[in-house]
Each structure stands twice: as C-alpha cells, then as structure tokens.
Amino acid sequence: MSSSTLPIAKAITAGLRDAMRVDDKVLLMGEDIGVLGGVFRVTDGLHAEFGSQRVVDTPLAEAGIVGTSVGLAVRGYRPVVEIQFDGFVFPAFNQITTQVAKMHNRTHGAVHMPIVIRIPHGGGIGAIEHHSESPEALFAHTAGLRILAPSNAQDAYWMTRQAIECEDPVIMFEPKKRYWVKGDVDPDHRPELSPWEAAVVRPGTDATLLAWGPSMPLALESAEAAAADGIELEVIDARSLSPVDLPTIAASVKRTGRLLIVHEAPVVGGLGGEIAARISEECFYHLEAPVLRVGGYHLPYPPARMEHAYLPDLDRVLDGVDRLLEH
Amino acid sequence: MSVFRSTIPDVAAQEPLIQLLATDGTRSPHEELDAVLAGSGGDDDLQTPERLRGYYRDMVMIRAADLEATSLQRQGQLGLWASALGQEAAQIGAGHASREQDYLVPTYREHGIAWARGIEPWRLLESYRGVSHGGWDPNELRTHPYMIVLGSQAPHAVGYAMGLQRDGVVGTGDRETDTAVLALFGDGASSEGEVSESFTFSASFEAPVVFFTQNNQWAISVPTSVQSRVPLAQRSRGWGIPSVRVDGNDVLAVLAAVRDALDAARAGEGPRFIEAVTYRMAAHTTSDDASRYRPAVEEQEWAEKDPILRLRRHLEQLGEIDEAFVARCDEEAQDLAMQLHHHIHGMEDPDPVGMFTHAYAEPHPIVEAERAQYLEYIAQFEDDESTEQKGGRA
C-alpha cells in the first residue's frame, strides 16, 4: 500500500493487515470482529483474508478474551484483542492489571506479553451508558502496561504496527468519534518520531495546551480561536499516555511558562493530575501560573443529552486559558 | 407442577465417585480406566509395582517438604505457606498423568504437580519467602507460574491450548507431538467467573485442555456446599464439557482419569473436566485457623482416608513393599526436608534494585528515571558509611 488518505478506522485496519502479513503469529480476537468486521468495522475484510484461526470471533466474555490472549502470548503468539467499547473493559480489568501487566515481571522476563488491547475511546457520539468513557488513568496507574492514544490517521496506522511489534502489552485507546475523519497515511516510511514521544503539533509562546486522542481537534480549535484574540498557544499531542513523554512537555512549558491539560476523563484522579504534578516539580521556577486542567466532572458519564455539558468544549478550554493568563 | 426441572436432588444424588483403591487398599476393577492404566494408548503400564512404589515415594517426599515448609514458616523463614497435606494423591496422580510436552497451569498449592514436573521444592519457596513472584521459566519447565488471583489462570490455560491448535500439535495421531494443557484449580476458584468463561472458550473452540479441580472441601472457611448446589463435576456439563468425579485420595483413579482426559484432549476431542474429591488436612494457609470453622471429627474422618497410607496398604496386599523400602523413602524425605532447610537459610535477599529490571521488556523512561533516583538515594548512605569508616580509622 502506498501513501493515501484514509479514515482513522481504515488506517487501523491497514495497520492490522500489514502486521498480520509480515508476522503470522499476529492474531486478532474479539466480539463480532470476524464476519461482521467489528461494530466499528475496524477489522473489516481481515476475516476473509486471514480466516477464522487468525481473526477469531469470540464468545461474549471480556475476561475470557484477554485471559486467553495471555495463554496465547505464552505460547508465542501476538494477540490483538478488541474491546467493543471503553466501558466494557472492566470485566477484563482483573486480567489486564493482575495478569497481562505482571506476567513478564512475575517470570523474571522469561515470558513476554506482546498483547495489544484495542479500545474505542471517549464520548461525544450520543451513545448509551458505558459507551463513552475514558478509563486511561486506571491503566496508566498500572506498571507493566503501555498506553497509546492516536489522534490522526498516520498515528493510527503506525501506532497499530508499533504496538503489535512491542514486546510489552499495549493498550491502544482509539478516538471513536474520529474513526471516520480522514488523514494522510504513509505506510512505507516509518515515522522518525517514536510512538512513545509526544508531538508539538502547533508552536506557540503564551501557554502550552496538552491533549490526546479524541480531545486533539478541540485543542487545535481552541488554539485557532485563541490566536484570533492574539494568544499564541503551543499545542502538544501526548500520543503516549504510558509512559507520558515528560521531557517534551516540560521543554514546551519552560518556553511558555503555562500549561493547560485537556482530557475527557474526570479530572479527579485523572492522568492530567499526574502530569500537572510532574510538570510542577520539573518546571517550578519556569511556571507563571499553576498547571490547570479542563476535563470531565466527578460523575458517572452522563446520559447522551447531557454530555455536551460534561465534555470539555471550546468555551471551557478558552475559559481555562483565560484563568491561566490571569496569573 | 412446574415446567422447570432441577438437577437437584435426583442427578446430584446419582453422581458417581470413581474409586480404584478403597481406603483399606483393596483394588477394584474398572473396565475403561484399567485399560488406560494398562497403556491402551500405546503407553507403558502405569501400575507396575515399580511405578506404584514411585508414586508412594513421591507422595512421601512432598509431604515431608510440605511439613518442613510449614516449620520454616513458623520459624519466620517464610511469609506464608499454603499446605497441600492430604492432596498428595490428587497432585502426584495428575502430575504423572501428563506427558513431558504438556503444559501445566497450577494455582498456588500444587506442590505435588511441581514435584512431578521436576521443579525442586525450594524454588516454590522463593515466592513464599518473598524473594520472587515466580521462580521458574514457564516455557522451560512447561509449567505456568503459581497463581494467586484464583481462577485467573484458567483462561490462560485455554489460550495456550488455542495456541497448540494453531501450532498443529493436536490430533495428529503422533503421541510424541500431540500436546494438551492441564489447568488446576480448587473448589473455591471454580466459583470465579473466569473459570466459567474458560469453560465457554474451551467448549466453543474445542481447545485441548483438561480442567482439574481439587475439591478439598473448604475455600478458606466456606464449605463446598456454599460454593455449589450440585457436585462440581456437574458444572461443566452445562457447557457440553464431559466430566467425571473421582476419589482424589486415590492416586490410581486420578492418574487414570487425568491420563484418559489428556489423551482425549490431545487427540482433538476437546476439553474435559475432572473433580477430584479430596481434603485439605491443614489450614488454608499458615495464616488461617481451621479450628474456628472446621469440626475436628471431620479431620479425623478424612485422616482415615489418607492417600499415602492407602497406596501403602495396596502395595502390601500385592506383596510389593517391604520395611526397607518404606524406611528408605522416609530417609530420603528427611534428607529433602534438610535440603529445604539449608536452601532457605542460604537464600539471600535479592538486591532491591532488581525490582526495576523486569517491569517492562523494553526500556521505559519513567522506570529508568526511578531506578536512577533510587540508586542515587542509596548511594548517599554508602558515602556516609565510607566517611564514617574513614573517620573511625583516623
């Protein structure tokens, strides 16, 4: 496949296909991922190409899906499992945190866990309960796991490839409301930027705006709007949520003196809090203002007709920017 | 009259218990299992006097190791010990039923399985002493790590079995090639959702896995009757997984049933489930006080069903055991206990910096930074020490 324009969902499909072609130990497992091609059609066409031994329609049992992937990994396979929606990962939470994350450590490195857990992530699609959540902090808190959060098609393709190649377990949070947003994908040239590094996607001088995955368009939109008021925001796409690329964020904050973190997850105990603490430690004498966060409230994700008030939006981000600049 | 039908009590009452050795050692015939023991699948005869004496020795050895480990815990050398006293026949029988190429997936009380697999008992103690969370390479010894979160290992077993299918080492007809997985868990773990999900996956994909439950009657203080309204052997049948209930204190019944099940799994006939009815003679762990919930009379009843004594009586009836052999086994067991003692006393605490080594397989900047931070923190005390030493010399 040469360079082309693809929606994020199809970029992931291409990443999966190419990974499966180069390594016959890669296999996919999940609910409805075979004949149907997944509820978001991310695995569309792969069952036809690779068959039911490599694209496995599983019973509806998340702990079983992740737990069997552990056994397959011990046997030398590289399972890529799909969790249908973010809120459905919790039945598998035990397997992910007590088994997937710890098997390498438990066996003193004798066993690797090259498992990828793909999770459609975030809200804003008018869905019913448990279909719009942002549980990244729960997994970022667990040593042994890595987390990637692509926000565009190029990252979606390459992060899929790189997550599968990684010898550690990787959770990939896919921005589900952006699945059909197109972007350029170059599958022939491996990016110079490591998947574990953050990207400065818009340079600026007055403050740093950090976001990831589904929040990236909002961050860029906010920077555009702020620029119209003469405020130059530097926008960073975190890309990797575990590990977070602190050096890149700190370097930016040292330039701008201010940091606003935007994410959909509840602010309480969220990943933004961890980054804020680290940056406060690292950049204490460079900060002109405390690190601020804009995110979800300390509530269960609300019913769809209220989610617009729950999710960060342009006004809430710009309000955050104003509060930053007041200092 | 209701349209609903229960398996209670009719079928439960009828659930048979397969036994080949009675408590007094008398051997009863069993058409199918006798064929398995005699080597119907092209195996050696599994019940030659020599082999029977081997099972006896193995059970004596692990009981001695187990008692010594309990002593070591009482002496403060182990943080905890989970005794398998009374379950020797279930574990030695199941362990010897597997072939070298099979993958065994234990819980944390499978010391007899480890022994049958050739894992030295002191390697089991590493995790109970607190120097490791594991102790062996699962692929090298074809034995999964001990598992603390009950039932978590059952889907691992099924996943490994699914890998065997994809590797083409199931149902080839070559007994050296065909491979299966033996998943072990207790009656308590069988209540966990992941065990049920494992039944689902193994049945759906006809995975070559044998589930082996040692029903030792108690899940810490909760009896099996609170875990299940039907005999555990019936549980898997709802998934279409054939099952059997065997006397878990009868090494031959266990050996034959597990061998039969593994043969079927290796041949590509899908999963099997075995409930081995046994008894945990000690407390749940050394932290537990079984006298608070368990009547002494029950322990006495089960002591009479002792698996080691039973095999010895059988060998006596066959005229295939003498005092010299028994004494030799006891002596070897005593030596093993001493070895365990010496290994523990010679076991040094690991260097804490090792904590940072295996959290990830690939370099991780935050772990690296924290390792450096730790080393720097430690180094300042080393500087202090060397300064003090210099001061002392001066």
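How much area do chain A and chain B bury between them? In this predicted model, the two chains bury about 3500 Å². Carbon and sulfur atoms account for 60% of that area. On the side of chain A, the residues that lose the most area to chain B are A:Arg75, A:Arg106 and A:His108. Together these three make up 16% of what that side buries. In terms of contacts, 51 residues of chain A meet 42 residues of chain B.

Between chain A and chain B, 24 residue pairs are in polar contact, both residues being at pLDDT 80 or more. Several elements of chain A give two or more residues to the side that touches chain B. The strands are β2 (26–30) and β3 (55–57). The helices are α3 (62–74), α4 (93–100) and α5 (103–106). α3(A) gives the most, with ten residues. By class, the side of chain A that touches chain B holds 21 nonpolar, 20 polar and ten charged residues.

Three salt bridges are counted between chain A and chain B. One of them pairs A:Arg278 with B:Glu370. The closest N and O atoms of this pair are 3.5 Å apart.

For chain B, an unreviewed UniProt entry carries the annotation "domain: Dehydrogenase E1 component" over residues 57–334. Across residues 57–334 of chain B, the chain is 47% helix and 11% strand. The end C-alpha atoms of this stretch lie 12 Å apart.

Note on methods. Residues numbered from 1 in each chain as written. Chains lettered and ligands numbered in written order. Predicted model: local features only at pLDDT ≥ 70, side-chain atom pairs only at ≥ 80, totals over all residues. Heavy atoms only, no water. Contact = heavy atoms within 4.5 Å. Buried area = accessible area lost by both parts, 1.4 Å probe. Salt bridge = Lys/Arg side-chain N within 4 Å of Asp/Glu carboxyl O. Polar contact = N/O pair within 3.5 Å; in protein donor to acceptor, adjacent residues only side chain to side chain. Helix = DSSP H or I, 4+ residues; strand = E, 2+ residues; numbered from the N terminus. Nonpolar A, V, L, I, M, F, W, Y, C, P; charged D, E, K, R; others polar. UniProt positions renumbered as here; feature names shortened; annotations may be inferred.
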